[in-house]
Amino acid sequence: MAVRWLCSLFGKPFDGGKRMDHGSQQQHPAMIRLYEVQREVQSLGPQVCTFSGLKNEREYRRLERELTRLLLEVDQVDTEGRADLQGARKRAAQEVEGLLRYLEENATHPSRLAIEELSREAQRLVEQGVVEPQRAGGTAEISDELVDAVQELILRLTQVKTGGSVPLRKARYRALTRLCAVQDVIEGRTRQQTLPLSEDTHVAVQRINQVMVQVSGARSQLVALLMGLSGRDSCAHLSRVLTELLVELDALDVSGNAAVRNYRKQVVEEINGLLKHLDLEGEGDDTRRYDLAQNDSIRQIEAVRGRVGQLRGEVLRHCGVGDLFRPKPELQSLLTHLDQVDTARNPCIREARRRAVLEVQAVITFLDLREALICRQPGSNEPPQHRAVWMVLGSLSDLQAQVLCFNGKRADKSYILLEELLTKQLLALDAVDPQGDEMTKVARKQAVKFAQNILSYLDMKTDEWEY
């Protein structure tokens with residue numbers, strides 16, 4: 001059954017399918033109680049709709065307990081055998097049951113469990129690479145392997161499908177936000193250039209050096225907090241500690257010594273870099289930032305994609321009548337525009353931009369090859385193997401036109417056919433023997449790369465990615 005309250009969660013109240021009018025029905029105790037239940041359901045609805053946790057969390061148990069209580073109260077309403085009261089009780093029970101199902105389905109959805117498993121994998125990774133060395137009294141050495149592993153987890157999180165579900169989008173957004181913050185912190189440590197000054201330089205240097213040691217510990221503590229590995233501490237507590245360090249640094253008298261002033265400034269910047277990640281406790285709960293469809297950068301990207309679609313259609317239409325439409329200057333300007341889109345280090349926005357760039361480049365490479373085929377004037381002494389490569393390129397151009405206008409799924413017969421035909425062209429290129437001719441070697445290598453790019457583009461169009 002469709003959960004009808006979803007259409008009116010954030011505005012129009014739901015009346016169970018039948019608004020009660022003034023009269024005998026409104027005065028009946030059973031109808032009054034059902035209406036009270038209805039109001040409680042309307043209050044719980046938005047909380048259920050936006051809950052993005054799991055079944056073992058306290059908020060899930062609270063919502064489940066409240067809904068179960070309401071369901072029991074509805075069952076206990078005495079309808080006295082009246083059909084109107086029985087209908088109202090049935091509708092109220094259906095709405096409560098619908099909320100319970102929605103709550104459970106999102107908390108146990110395969111995508112929600114995938115997000116949780118990736119989060120746990122990130123926890124294990126960060127605990128071994130950052131937290132445990134710090135707890136042992138040492139300093140974690142951030143390796144390239146750790147940085148690469150975090151980046152891989154971020155990419156895997158962006159690929160988790162949400163199907164547009166608000167709870168799933170929130171869960172993915174929260175996991176991504178925290179892992180991106182961890183990535184920023186550990187990469188900041190590897191980029192860190194601030195070196196302690198000699199304490200003989202100035203009387204304030206000793207205290208600044210001590211603060212630097214505290215900041216190093218706070219960095220590992222922040223990573224532990226972001227990954228849920230610190231049971232005793234809180235973001236609020238760490239924020240107070242770092243703010244107090246800023247106040248203390250600001251009170252130090254370093255006038256007249258430019259080197260010490262610059263040193264203090266660098267330490268202050270490191271503290272501010274950590275503080276900016278400490279407002280993530282409610283991230284995705286009190287904001288709608290997880291709804292990237294409302295993001296300005298995504299809107300810019302979508303506008304570019306819309307224009308690319310129009311240009312692609314014009315290019316293919318002209319090719320169909322033997323003409324060549326050349327909108328390359330505009331396509332190049334669209335690439336420049338995409339390059340200027342602010343991704344705010346959000347991996348989903350970065351991926352959306354990357355895909356838009358590939359869409360533009362696919363049209364440009366198609367035009368380049370078409371022009372090359374039209375302008376080609378083979379000489380009488382052209383080697384047969386070189387001519388064979390150009391024949392494959394002609395076939396690839398025709399196939400790319402089909403790929404550009406393809407709009408289906410991987411299970412479609414047209415997709416399978418395109419993939420098979422492109423693979424055959426790769427095999428045909430593999431069968432070309434350059435016979436030592438360097439020009440043929442280069443041409444074949446470029447043709448292979450071109451065919452592989454078409455296959456990759458076809459895969460990208462059918463992988464059902466979402467931001």
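Me: Which residues does Gln400 touch, not counting those up to four places away in sequence?
Reply: In this predicted model, Gln400 touches Ala362, Thr365, Phe366, Phe450 and Ile454, with residues up to four places away in sequence not counted.

Me: What does the side chain of Gln400 reach at 3.2 Å?
Reply: The side chain of Gln400 reaches the backbone oxygen of Ala362 at that distance. Ala362 is also one of the residues that Gln400 touches.

Me: Is Gln400 buried or exposed, and why?
Reply: Gln400 is buried, because its relative accessible area is 4% and buried means under 20%.

Me: And which helix is Gln400 found in?
Reply: Gln400 is found in helix α14, which covers residues 384-405.

Me: Now the whole protein. How many helices and strands are there?
Reply: The protein has 16 helices and zero strands. Of its 467 residues, 43% are buried.

Me: What share of the contacts with a separation of 6 or more comes from residues 24 or more positions apart?
Reply: Such residues account for 75% of those contacts.

Me: What about the nonpolar core: which residues have the most contacts inside the largest one?
Reply: Those are Ile186 and Ile271, in a core of 101 residues. Another core, of 26 residues, lies apart from it and includes Val37, Val48, Val96 and Leu103.

Me: Which residues is Ile186 in contact with, leaving aside neighbours within four places in sequence?
Reply: Ile186 is in contact with Val130, Ile142, Leu146, Val147, Val150 and Val223 on that basis.

Key
Residues numbered from 1 in each chain as written. Predicted model: local features only at pLDDT ≥ 70, side-chain atom pairs only at ≥ 80, totals over all residues. Heavy atoms only, no water. Helix = DSSP H or I, 4+ residues; strand = E, 2+ residues; numbered from the N terminus. Buried < 20%, exposed > 50% of the residue type's maximum accessible area, 1.4 Å probe, protein only. Polar contact = N/O pair within 3.5 Å; in protein donor to acceptor, adjacent residues only side chain to side chain. Contact = heavy atoms within 4.5 Å. Core = buried A, V, L, I, M, F, W, Y, C linked by side-chain atoms within 4.5 Å.
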